[in-house]
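Hi everyone, thanks for coming. Let's have the structure up on the screen and walk through a few spots together.

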Amino acid sequence: TGKSGTGKELFAQGIHSASHRSVGPFVAVNCAVLPENLLESEIFGYEKGTFTGGLKEGKPGLFELAHGGTLFLDEIGEIPLRIQALLLRVLQERTIRRVGGERIIPVDVRIITATNRNLEEEVDRKQFRSDLYYRLNVLSLELPPLRERLEDIPKLVEAFLNEFNEMRKNKIINVQE
């Protein structure tokens, strides 16, 4: 958890990279930007012929794409209750079924979620499923905003400089305050 812009996705990538799952894919989705019907088909995929205008051959979902790796669900608190129920089933059964499909597909995925909401309050208000909350809340970390981690700034500046210098012909050698 943490305020917007604290680096929750970057932290999740770090967890993925430092784990035995680092050889597998890291797949991220911002759950807040997708409408309910699109979110479902993105997460679970869909079979051919399910949607007008969809890919003719169907499409694998993010669970399938993250198989053997990590699926990062950003803004988990924005997921509608119906999708929460489907997500809970995947966590319990370790299988998915594409939208419009009948085939059961096993998945081996680590789930990391992030939110800037207080999910305990959301559970109390019946806006977030308590069973899903307790299933996901195995380890909870609060990321403080950068203004509370000033010692990180020099390392971030160095990382940004290295990234910038890899992309540009002209190199920045140092930065002064």
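Which residues does Glu47 touch, not counting residues up to four places away in sequence? The contacts, meaning heavy atoms within 4.5 Å, are with Gly58, Arg98, Val99, Gly100, Gly101 and Arg103. Glu47 sits in the loop between strand S2 (45-46) and strand S3 (59-60), where strands are DSSP runs of E with at least two residues, helices are runs of H or I with at least four, and both are numbered from the N terminus. Glu47 counts as buried because its relative accessibility is 18%; buried means under 20% relative accessible area, exposed over 50%, and partly exposed in between, using a 1.4 Å probe and protein chains only.

A quick word on the source: this is a predicted model, where local features need pLDDT of at least 70, side-chain atom pairs count only at pLDDT 80 or more, and totals for chains, interfaces and linings use all residues. Residues are numbered from 1 along each chain as its sequence is written, and side-chain values use heavy atoms, with hydrogens and water left out.

Now for the rings. There are three aromatic pairs; rings of Phe, Tyr and Trp (its six-membered ring) pair if their centres lie within 6.5 Å, and planes under 30 degrees apart count as stacked, over 60 as edge-to-face, the rest as tilted. One of them is the stacked pair of Phe26 and Phe72, 6.2 Å centre to centre with 20° between the planes. Phe26 belongs to strand S1 and Phe72 to strand S4, 46 residues apart. Phe72 is buried, at 1%, while Phe26 is partly exposed, at 21%.
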